[in-house]
Amino acid sequence: MDIKNLSKDFGVEIKNFDCSKEIKSDEIELLKKIMQDKHFICFKNQNLDGNNLAKFTKNFGDLEAYPEKDKTKGKIEIFNVSNVSEDGEHLSPDDQRVILQKNNSRWHTDSSYRYYPSIFSILYGQETLPEEAKGGQTEFSNMLLAYENLPDDKKLLLTPLHQVHSYNDIRRLEPGLPELTYEEKSNFPPVTHPVIRVHPDRNYKKSIYFTSNTSLEIGGMSLEEGKKLHGWLVDYISQNKFCYKHSWKKNDLIMWDNRVLLHRVIPYDYSKYRRAMIRGTVEGKVPVLGPFSNEVRLRD
Ligand SMILES: [Fe+2]
């Protein structure tokens with residue numbers, strides 16, 4: 001495999017590596033090491049379908065199942081990130097499947113609405129926008145870097161806070177979406193996560209952990225105070241110095257670490273262009289730790 005850095009601080013591109021084949025254990029270890037150090041990989045020129053995407057994803061852990069059965073292409077573990085239906089029809093911008101895509105243009109990290117959020121997301125570009133089109137890129141912001149650069153007063157302010165993450169609350173941001181069923185709601189009740197995250201596998205380094213695509217509420221603050229702080233965080237992490245923007249080419253397969261990077265889709269003309277992607281997601285097995293979690297506070 002040929003490996004090239006994509007930016008000064010994070011992200012690599014890998015050429016001449018076929019993700020549809022059986023991956024050897026030393027190659028898996030190398031890819032995990034790259035993810036740990038660089039947080040983002042783009043594998044060029046892949047040829048995948050839902051089945052071999054699921055197979056590739058399983059090299060890194062168990063697959064997460066998507067909360068809503070009807071938003072997937074056949075397999076509930078492979079999520080359809082697309083404005084194209086499974087039969088190849090270009091969907092109208094007010095179709096609920098497209099509205100759900102629009103919500104992805106808010107900064108987020110996948111499945112933060114779970115008590116055990118996902119580790120990696122792996123996204124394959126089946127149909128991408130033409131060169132001349134505006135938007136459609138996926139932008140990433142590095143939360144380890146963003147934490148390091150926070151002013152001291154903001155570190156102090158953010159350290160004890162938790163944010164509410166609620167799958168059902170996507171409906172507050174996107175009222176065009178239909179109600180979840182009772183079962184879907186019961187399976188995904190709201191959770192809270194620390195706004196400053198501690199990484200035991202990175203020598204207890206800290207990063208920022210928040211999202212804009214579910215709830216905006218910060219525990220212990222009024223709605224107005226929480227929204228104001230949230231708005232400040234969005235402006236702060238959107239600075240170019242923390243970000244890398246991935247411009248898609250057809251058959252790119254990208255993989256990122258949800259524990260470190262936030263991402264968002266840059267909006268594009270949904271009615272003019274087709275954009276079809278499928279995603280496999282590696283399930284997390286541990287909760288998000290904060291500076292005051294017992295595992296962090298009471299360690300020797
Ligand atoms: Fe996402």
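Biologist: Leaving aside neighbours within four places in sequence, which residues is Gly219 in contact with?
Modeller: This is a predicted model, where local features need pLDDT of at least 70, side-chain atom pairs count only at pLDDT 80 or more, and totals for chains, interfaces and linings use all residues. Residues are numbered from 1 along each chain as its sequence is written, and side-chain values use heavy atoms, with hydrogens and water left out. Contact means heavy atoms within 4.5 Å. With neighbours within four places set aside, Gly219 touches Leu161 and His162.

Biologist: How far apart are the C-alpha atoms of Gly219 and Pro160?
Modeller: Gly219 sits in the loop between β10 (205-208) and α8 (223-237). Helices (H or I, at least four residues) and strands (E, at least two) are DSSP runs, numbered from the N terminus. Pro160 is 59 residues from Gly219 along the chain, yet their C-alpha atoms are separated by 9.7 Å.

Biologist: Is Gly219 buried, partly exposed or exposed?
Modeller: Buried means under 20% relative accessible area, exposed over 50%, and partly exposed in between (1.4 Å probe, protein chains only). Gly219 has 37% relative accessibility, so the class is partly exposed.

Biologist: Which geometry do the rings of Phe10 and Tyr244 have?
Modeller: Rings of Phe, Tyr and Trp (its six-membered ring) pair if their centres lie within 6.5 Å; planes under 30 degrees apart count as stacked, over 60 as edge-to-face and the rest as tilted. The structure holds 15 aromatic pairs. For Phe10 and Tyr244, the centres are 6.4 Å apart and the planes at 85°, so the pair is edge-to-face.

Biologist: How many residues apart are Phe10 and Tyr244?
Modeller: The pair links distant parts of the chain. Phe10 lies in the loop between β1 (2-5) and β2 (12-15), and Tyr244 in strand β11 (residues 243-246). Their separation is 234 residues.

Biologist: What is the angle between the planes of Tyr268 and Tyr270?
Modeller: Both tyrosines are buried. Their rings form a tilted pair, 4.3 Å centre to centre. The angle between the planes is 35°.

Biologist: What share of the 300 residues is buried?
Modeller: The chain has nine helices and 14 strands. Its C-alpha atoms fill a box of roughly 50 × 45 × 40 Å along the principal axes. Of the 300 residues, the buried share is 54%.
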